[in-house]
Amino acid sequence: MAVFETSDDVTIHYGDMGQGVPLVFVHGWAMSSVVWSFQRELADRRRLITMDLRGHGQSAPSETVTLEAFANDLIELFTRLDLHDAILVGWSMGVQVVLQAFKGLRPRLAGLVLVGGTPRFSAAADYPHGLPPVEVKGMGVRLKRDYQKTMGDFFRGMFAEGEPDREQYQRIVHEIVMKGRSPEPMMARKALQVLADADLRPLLSGIDRSVLLIHGEKDTICMPEASRYMAEILPLARLQIVDGGHAPFMARPAEFNALIRAFMEEIIGRH
């Protein structure tokens, strides 16, 4: 992986392969860019860029762990690589990073793909599509009590019953689990607090790019109702509900990659 230093001196690692229109991926909470291993085939016709958010994967930890900091790192990556007409893909917490960064990236973007996301992770009186705040708080407590077990439970919870199949499970173990690296416990807890506090709903109506929303119908981490909510507010959105849980790009990569290819072909035809 390549590296760059952010404006606040944090070392960020990123991958860059292939040529053509940029396709940029942003991972979710406590994960890393390795989760996009099964999307490498998309580099056959596109420039595929992945990054480790600060404190995740190989990127350096930081005292500053905020949604704004994550978004600024993404903006700085785009600037460093001089990316234009890009398709930006965010998953889970990565969706919130993408939404936060949109204003700063708008001239460089052709479209967005929001996977298994929500504009607000915690439920509220006027937003029933998130997890109960007590459940989010309980996860923070479990992270302190038994970090490894909590992380393992979270990873398994990303998949619906019956997925992935045995062959795909072995691929996930060898290509993602064994190559991945969990963040330091303090970084994971800080990032979880970012999730618990964030509310990106006010930004949705201003996203004036084509958006593909992909959400697993059996997702129990970010409920599919969250993407249905976003689809109603985002001006240029379409919603694709797929079978399975929170990580369709891992459990069913062929189906997921086909959706990405089709969306890119449509968007690129306009540029």
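This is a predicted model: local features need pLDDT of at least 70, side-chain atom pairs count only at pLDDT 80 or more; totals for chains, interfaces and linings use all residues.
Residues are numbered from 1 along each chain as its sequence is written, and side-chain values use heavy atoms, with hydrogens and water left out.

**Stop 1: helix α7**

Select residues 224–233, which make up helix α7. Helices (H or I, at least four residues) and strands (E, at least two) are DSSP runs, numbered from the N terminus. The buried residues of this helix are P224, A226, S227, Y229 and M230. Buried means under 20% relative accessible area, exposed over 50%, and partly exposed in between, with a 1.4 Å probe and protein chains only. Contact here means heavy atoms within 4.5 Å.

**Stop 2: the nonpolar core**

Next select W29, L74, L88, W91, L114, M158 and M250. These are the residues with the most contacts inside the largest nonpolar core, which has 93 residues. Such a core is a set of buried Ala, Val, Leu, Ile, Met, Phe, Trp, Tyr and Cys residues joined through side-chain atoms within 4.5 Å. Helix α2 (residues 93–105) provides the largest share of this core, eight residues. In soluble globular proteins, nonpolar side chains tend to be buried together.

Centre on L74. Leaving aside residues up to four places away in sequence, L74 touches V24, V26, M51, L88, V97, A101 and L105.

**Stop 3: aromatic pairs**

The structure holds nine aromatic pairs. Rings of Phe, Tyr and Trp (its six-membered ring) pair if their centres lie within 6.5 Å; planes under 30 degrees apart count as stacked, over 60 as edge-to-face and the rest as tilted. Show W29 and F154, an edge-to-face pair with 4.9 Å centre to centre and 90 degrees between the planes. W29 lies in the loop between β3 (22–26) and β4, and F154 in helix α4, so the pair ties together parts that are 125 residues apart in sequence. W29 counts as buried because its relative accessibility is 3%; F154 counts as buried at 13%.

Move on to F155 and F159. This pair is also edge-to-face, at 5.6 Å centre to centre and 70 degrees between the planes, and both residues are buried. Then select F25, W36, W91, F249 and F256, which form one aromatic cluster.

**Stop 4: two pockets and a cavity**

On a 1 Å grid over the protein atoms alone, a cavity is a set of points where a 1.4 Å probe fits but cannot get out, and a pocket is an open set with protein on both sides within 12 Å along at least five of seven lines; lining residues have an atom within 4 Å of a point. Grid points are joined across faces, edges and corners, and a volume is the space filled by probe spheres set on the points.

The largest pocket holds about 490 Å³ of space. It is lined by 21 residues, and M31, M151, G152, F155 and V177 are the closest to its centre. Helices α4 (147–157) and α5 (166–177) each supply at least two residues of this lining. The lining has 13 nonpolar, five polar and three charged residues. Ala, Val, Leu, Ile, Met, Phe, Trp, Tyr, Cys and Pro count as nonpolar, Asp, Glu, Lys and Arg as charged, and the others, Gly among them, as polar.

The second largest pocket has a volume of about 350 Å³. Of its 18 lining residues, M1, S33, V34, S37 and T50 are the closest to the centre. Strand β2 gives the most to this lining, with three residues. By class, the lining divides into five nonpolar, eight polar and five charged residues.

For the largest cavity, of about 40 Å³, select W29, S92, M93, F121, F154, L195, I221 and C222, which line it.

**Stop 5: backbone details**

Select E163 and P164. The peptide bond between them is cis, with omega near -10 degrees, and P164 lies in the loop between α4 and α5.

Finish with A30 and S92. A30, in the loop between β3 and β4, has a positive phi near 65 degrees. S92 has a positive phi of about 55 degrees although it is not a glycine, and lies in the loop between β5 (86–91) and α2.
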